[in-house]
Every structure is written in C-alpha cells, then in structure tokens.
Amino acid sequence: MLRNNQVGQMAIDQALHTDSAALLMCSPDYFDVTYQINPWMDLRGWNDHRDAWRARAMVQWGTLKAIYERLGHTVHTIEPAHGQPDMVFMANCATVLNGKALMAHFRYPERQGEEPFYRHYYQSLKTSGLVKDMAFLPAGMVFEGCGDTLWDSSRNMMWVGYSQRTAQAAPAEVSKAFDIRAVALEMVEERFYHLDVALMPLSGGEVVYLPQAFNADGLETIHAHVPAHLRIEANEEDASLFAVNLVNLGGDIVLSGASDTLRQRLEQAGYRLHFVDTSAFQMGGGSVFCLTQRLDNTSRS
C-alpha cells in the first residue's frame, strides 16, 4: 500500500510530464502606487523613492517572466494601458477553465478602467484559439477573477473567496458558468483581501493556507476538503513575504519568499522552489500569482 506522501509525490511526478503551461502577463510599464485600495499599498514609501521602485518593478517582472520561460512554459503578454497602474496584476482580469474566460468586474472604480482592455484582448485570444468563449456574471456583480477563484486540479473544484472584492453570490455563479463544484470561503481579514494571498492548492493535493485569514466556518470548510496530512499552514512571516501568493506548475513552485518552516514543508513534499524578488509589487498588494494568469486549466469530466 502506498503512503500518503507517496501518493502526493506520484501526483507531482505525473504533473511534471504535462505540456507546458500557457500563461498571461502584463508588463509594468505604467505600474505605480497612486491610490490605496488594500492595506498593503504603501503610498508614502513608494513616493519617497518612486523612480527607483518603478525601475525595480521592471527588473523583477522580467526576472519572473524569464523563470517561467526557463521552466519551459509559454508566456503571452497583453499591452499595458496608460492610466491603469494595476493592470500588471493579471490574475484579477478573469478566470479561465476549459477554454472559457469568466471576465472580472472590479469592486473599486480605480480598477474598472482595466475591464475594456481585457475584453478586447480576450476577444483576440478567441480568434487565436487560446480561448474558446467569454462569459460574464450578472450585471453589477463584483468578481475579481483568479484573485478570488483558485482551480484545484487534484479535487476537480474551484475555491472561491468572497466578501471583500468578490460578491457573496459569485461562488454559485462561478459553479454555474463552468459546470464545476465551487467551494466558498469568506475573506474576513482586511490584509487578505483576495483568496490568492491566503490560500493556494498545489498539484500534489496539498493546500497552503494562512489560518488567520479565515473565520471558524472557513477553517472548517478547508479541513473538510483537505485531510490533515495535505494541509500546510503558513505563518505571519509567510504573510509578510506574500509566500502563499505563489505559482505552482507541476513540480515547480515560483514564489517571493518563505519562512524556513514553509520552505522545508514544500521541499519535503517534493517541490522545486524558485525564488524571485517581488518587493516592488508587494507595495501594491501583490506578488507572483497576482502577476500571472493561467490560460489552460482544464477540469476532468
């Protein structure tokens, strides 16, 4: 009989042999911290050294893109738009599953100006065949894409965060749009305004999460779906490093940093870790996952 950790390693090994991922990014040409719509946005710290931070952002973004390409993945890019400083955070623009893109509608007016650019670009992806269809939630319903929807391939389901940036009714609509199971988690802590900074499913079946980001009902939901040996609790040091906002591609994990405890758990589970500095983007409230949209997630029938 195989042990649980052997089962997890088999899942990782199998994922390593899948085709390269199709990823979408947006260059930070116009990235800036000019307003505050989450607690991490540091206007004063940014403005004190604005030119240096903007230059650093370009280098950090280029390094992240190069890591993806070195690992054998394809990175598509959308043209950045002047006056849309947060467009670099591509995870929020949509959720894509089985070739269908469910488009975002942002809560704050500061980001709503990004939406027409995304719709135009995804229309071009339909022409190229990378996306087959575009869908929208009911008019006026706020929904912030992969910031609050995380595809869990091991469980063939979608984790959906709600309350701060995504409407409470959205999980049911996400389930309907993709014809898949959606598990809702309320985001109760101001720092963890999106689900993707507080929880992340991995290819081997593990789930990394910050317990302090969820109420008792949320923790009960996580525990009900993830057995104890696959639950990886991150800590406050990880929260400050945006460690949970990682990108997992098969046996590889790309992340901004991690506590020694989290690093050891991930390596013991068989993952290869690739660290990249995202300090400039953390001043805007995001890190590796926020900068990346995956276009080729698929569900099992």
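Analyst: We will go label by label, keeping in mind that this is a predicted model.

User: Why is S287 called buried?

Analyst: Buried means under 20% relative accessible area. S287 has 0%, so the label applies. S287 sits in the loop between α10 (279-282) and β15 (293-294).

User: What makes the pair S287 and T278 a polar contact?

Analyst: The cut-off is an N or O pair within 3.5 Å, with one atom able to donate a hydrogen and the other to accept it. The side chains of S287 and T278 are joined at 2.8 Å. The side chain of S287 also makes a polar contact with that of S256, at 3.3 Å. Both distances meet the limit.

User: Which residues does S287 touch, leaving out those up to four places away in sequence?

Analyst: They are F242, N245, S256, T278 and Q282. Touching here means heavy atoms within 4.5 Å.

User: How do you know that F89 is buried?

Analyst: Its relative accessibility is 4%. The limit is under 20%, so F89 counts as buried. F89 lies in the loop between β2 (74-78) and β3 (94-97). Among the residues F89 touches are F31, R111 and F281. F89 and F281 are 192 residues apart along the chain, yet their C-alpha atoms are separated by 8.8 Å.

User: Why is N98 called partly exposed?

Analyst: N98 has 33%, so it falls in between. N98 is in the loop between β3 and β4 (100-103). Its phi is near 55°, a positive value in a residue other than glycine.

User: What about S163: what makes it partly exposed?

Analyst: Its relative accessible area is 31%. S163 is in the loop between β7 (157-162) and α6 (170-178). Its phi is near 110°, again positive in a residue other than glycine.

User: How do you know that β3 and β4 pair?

Analyst: Two strands pair if there are at least two bridges between them. β3 and β4 have four bridges, in the antiparallel sense. One of the bridges links L97 to K100 in β4.

User: Why do β3 and β5 count as edge strands?

Analyst: The open sheet has the order β3-β4-β5, with mixed pairing. β3 and β5 (133-135) each have a single partner strand, so one side of each lacks a neighbour in the sheet. The twist averages 20° from one strand to the next.

Technical notes
Residues numbered from 1 in each chain as written. Predicted model: local features only at pLDDT ≥ 70, side-chain atom pairs only at ≥ 80, totals over all residues. Heavy atoms only, no water. Helix = DSSP H or I, 4+ residues; strand = E, 2+ residues; numbered from the N terminus. Buried < 20%, exposed > 50% of the residue type's maximum accessible area, 1.4 Å probe, protein only. Axes fitted to C-alpha atoms, helices over the stretch in contact; angles between N-to-C directions.
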